[in-house]
Amino acid sequence: MLYDIFIDPFVQMYEMPDFFLQVLWEGFVAGILYALIALGFVLIFKASGVFNFAQGIMVVFAGLTLVGLHENGVPAYVALLLTIGVMGVLAYGVERVVMRPLVNQPDIILLMATIGLTYFLIGFGEFVFGGEPKQMITEELGLPTGSTAFEFGERGLVILQHIDIAAAVIAVIMVASLGIFFNKTRIGRALRAVADDHQAALSVGISLNQIWAIVWFAAGLVALATGIMWGARSDVSFALEIVAFKALPVLILGGFTSIPGAIVGGLIIGFGEKIGELYWGGLVGGGIESWLAYIIALIFLLFRPQGLFGERIIERI
Amino acid sequence: MFYREAGQFKTSYKADQALMPILQDRIGLSVILVVAFVIIPAFANDFFLTSIMIPFLVFSLAAIGLNILTGYCGQLSLGTGAFMGVGAYAAYKLTTMFPDANVILMVLLSGVFSAAIGAIFGLPSLRIKGLYLAVTTLAAQFFLEWCFIRIGWLYNYNASGAIEVPHREVFGIVASGAEATPIVRYFIVLCITAGIAFLMANVLRGRIGRAWMMIRDMDIAAELMGIRPLQTKLMAFAVSSYICGVAGAMMVFFWLNAAEPSSYSISLSFQILFMVILGGLGSLSGAFMGAAFIWILPVFLKFIPGTLGIEIAAETVEHVTFMIVGALIIFFLIVEPHGFARLWQIAKQKLRVWPFPY
């Protein structure tokens, strides 16, 4: 028993390095996608202090809108532009209808409002596009679909899907451009000011409403990218929602306010989950992927309640 | 005018500290109890009992459980569904292990197991607060759900992986299993729910309930004033999980007859959470109102278009229900964060001053 837990998995890793590399790659890709969802959470949390539970469903909604438009005869790139437009309208709507009346409410109330938003979007999305899973229009968008196999050692083989490589590249580009946006542009500086202190930001003439609409729009764009990437790996369906729950432990690991934290947290959870499932999962009957991430996050939290990169929480009376 | 304290004099401390010091409240409660215990059983048909009243009472009890944790103690939990599941599986194991025991006692006892599990998952609440805690309760939800699927011992290694309620008799009356009549189930569920609600109404206004509310309002200040956060929070977790566990056990024993792990999934947790939010955080009567609303709204939506002669597919009804519930949650949070309970208070105030505007 002890041998099975502490020694055997490592022996397997050593004996079949190609399989281990494949697992690492799977973990890496899953981690990148978790990180992308977490990125959307972090954007909104940084700027408005709202824990946006609806990010996961925004991913599904963006993907569904894109595919749904294409199914109705809209060319792929036009559909992409239209979807960006829809996400803009959604961002404005959320800001106007949900966020603005709830300014200064406690965190828990805001969280529940986004849970309400989640349910509304689920109902609305299914009402408009139907509940069946849809195929993502990968080829029409000009994304690569093939795969490359790398010889490894004497008998090993590591297969890389091109779409996964594209996902990783897009994630890197997105994080870099968001970093530049936050640090170098006027709006980015305004965003950071809002994140720091709402009242101080207001007093120097930054429009909170405008900033929040922009942030929700940015989160919508991240959601769209995530939706395309995740949809290309499986289908676009409301089952993706469960993936959004996975982004929560990622956030906890990384800290709610840190963009690099979201990436690192995503990768830790991605690697941990795949390696844990494939090497240790068999011991307890498999399927531990569904909760391992939460337990990892829980253990981290007990030692570092603010996450890896989060700002220290100071409480005052 | 209709509802007022004026003229109701208390002559002893006992009368002053009664659960319901106002005469009209007592009359109202008695009317509700008479309706629940006499009129509904006398006139309702089986359909009404099994698909509206029993689920309503079960969900009310679960909502009371979550309300204690989230509404009174301020610890957001997304693991209600799993704690209900623990109660259900514990009750199933207990009744199959001790076939001769009283099934109602077993259902009440099963809550103890879910209280223990709830207290274990409540341990991180000492170090983790608010949103972070919500994620740790998600850990409980997914981990326990996985246990219900993977640990065969919990469902006696059934081929179906589901738990099926065995046939049990209490004092010669069939109480559980497929042959139990709706009226018997209804009375059992009603008595348990009413009993626990009454007990909680008294716990919540006493020392324990006040300590919970202090922790909710500001835990550091409460700690400085001599409330022990660990014991108080764990007690809230345990009591809340006990009630949720009993509700979960009743859900399978007196309503569904059989349950799969997916019956206790995260969507159940959310459903209960919505009942608590819409009903009003920190209100027992709100739990009943929220449960009634969330449970009856879909039924309502299903039948209203039919009577108007419009045919709507079942899926559409479900989607529209999602939309309405989501929109209503946002609406309530914006307009009336205290939910139906506050609306009821406003109505009482209107009755008090009627016919004058104030």
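Helices here are DSSP runs of H or I with at least four residues, numbered from the N terminus. In the predicted model, helix 14 of chain B covers residues 339–353, and the segment after this helix contains B:P355. The peptide bond that joins B:W354 to B:P355 is cis, with an omega near 5°.

The phi angle of B:N257 is near 75°, a positive value in a residue other than glycine.

As a whole, chain B comprises 14 helices and 4 strands. Its C-alpha trace spans about 65 × 60 × 45 Å along the principal axes. A compact globule of 358 residues would have a radius of gyration near 21 Å, and chain B, at 21 Å, therefore agrees with this expectation. Of the 358 residues in the chain, 43% count as buried. Among contacts in chain B with a separation of 6 or more, 76% are made by residues 24 or more positions apart.

The two chains also touch one another. The contact involves 39 residues from chain A and 34 residues from chain B. On the side of chain B, at least two residues each are supplied by helix 6, helix 9 (219–224), helix 11 (266–279) and helix 13 (314–335). Helix 13 of chain B provides the largest share of that side, with 13 residues. Classified by type, the side of chain B that touches chain A holds 26 nonpolar, 5 polar and 3 charged residues.

In chain A, helix 13 runs over residues 289–303. The 15 residues of this helix reach 23 Å from the first C-alpha to the last, close to the 21 Å expected at 1.5 Å a residue. Buried residues of helix 13 of chain A include A:W291, A:L292, A:A293 and A:Y294, and A:I296, A:A297, A:L298 and A:L301 are buried as well. The cover over these buried residues includes helix 11 (241–254) and helix 12 (259–280) of chain A. Helix 6 (130–150) of chain B is also among the elements that cover the buried residues of helix 13 of chain A.

Terms used
Residues are numbered from 1 along each chain as its sequence is written. Chains are lettered from A and ligands numbered from 1 in the order in which they are written. This is a predicted model: local features need pLDDT of at least 70, side-chain atom pairs count only at pLDDT 80 or more; totals for chains, interfaces and linings use all residues. The expected span of a helix is 1.5 Å times one less than its number of residues. A residue is buried if 20 or more other C-beta atoms lie within 10 Å of its own, exposed if 12 or fewer, and partly exposed in between; C-beta atoms are placed from the backbone. Two residues are in contact if their C-beta atoms, placed from the backbone, lie within 7 Å. Ala, Val, Leu, Ile, Met, Phe, Trp, Tyr, Cys and Pro count as nonpolar, Asp, Glu, Lys and Arg as charged, and the others, Gly among them, as polar. The radius of gyration is taken over C-alpha atoms; the globule rule is 2.2 Å times the number of residues to the power 0.38.
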